[in-house]
Amino acid sequence: MSLFRLIACGLALCLASACTSVTSDVEGYSSIAPDITPRSIHIAPAKGMDGTSLAWTANAQTLAGILATKGFASTPRRGASLLATFGYRSDPPVIEEYTTEEPIKDIVGWRSVPGPNNTTRHVPIYDIVGYQTVSHTRRVFPRQLTLEMRDARTGAQVFASTASSRDTCSQTPKVLGLMMEAMLKDFPAAGSGKITKTKDEAC
């Protein structure tokens with residue numbers, strides 16, 4: 001089965017089970033040694049972020065939880081080997097146009113079937129005879145994450161990554177969590193490309 005069909009099947013299953021799926025466009029750089037010790041990170045707000053807000057604090061806790069699954073603990077600055085700055089942006093929704101290829105069905109033949117009173121009737125046979133491009137619109141929410149890390153001892157930047165998405169889910173915390181998972185998919189290595197993450201909860 002082709003990769004396209006696998007993705008399509010996955011999205012179909014997601015829709016059927018009322019889950020949330022977000023595709024993030026990830027770019028990143030990392031020079032963090034895989035065997036770095038201690039595996040500890042201090043997370044602080046990026047420039048322009050309010051580190052005292054409930055929203056930033058909740059999203060930072062989500063980030064810390066994802067890093068914990070990678071074996072990195074969130075610690076106070078004094079005990080950290082990596083100093084991270086974390087920021088995000090969620091822009092107002094915009095209307096986006098997109099197209100799909102829809103099948104065109106038509107009569108391609110006839111078949112005979114038994115009718116009442118020993119008669120025979122003819123019914124049409126339909127099949128796909130082509131495809132047509134159909135235009136649609138949808139409301140999407142543009143979002144972006146940034147995460148940078150520096151070596152606590154030398155001050156050198158050792159990690160930098162951005163993730164952006166345009167999706168129809170209005171629940172920013174849920175989407176940001178999936179974007180973080182995409183960004184940190186290969187941490188401490190940096191991820192890149194379009195990465196899809198799914199959560200078994202409706203948006």
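Student: Which handedness does the crossing of α2 and α3 have?

Tutor: Helices are DSSP runs (H or I, at least four residues), and strands are runs of E with at least two, numbered from the N terminus. A crossing is left-handed if the near helix is turned anticlockwise from the far one by less than a right angle, and right-handed if clockwise. The crossing of α2 and α3 is right-handed.

Student: How should I read the numbers in this model?

Tutor: The model is predicted: local features need pLDDT of at least 70, side-chain atom pairs count only at pLDDT 80 or more, and totals for chains, interfaces and linings use all residues. Residues are numbered from 1 along each chain as its sequence is written, and side-chain values use heavy atoms, with hydrogens and water left out.

Student: Is Asn117 buried or exposed?

Tutor: Asn117 lies in the loop between β5 and β6 and has a positive phi of about 55° although it is not a glycine. Buried means under 20% relative accessible area, exposed over 50%, and partly exposed in between (1.4 Å probe, protein chains only). Because its relative accessibility is 73%, Asn117 counts as exposed.

Student: Where does Asn118 lie?

Tutor: Asn118 is a residue other than glycine with a positive phi, near 60°. Its place is the loop between β5 and β6.

Student: What is omega for the peptide bond from Thr37 to Pro38?

Tutor: Pro38 is placed in the loop between β1 (20-30) and β2 (40-45). The bond from Thr37 to Pro38 is cis, and its omega is near -10°.
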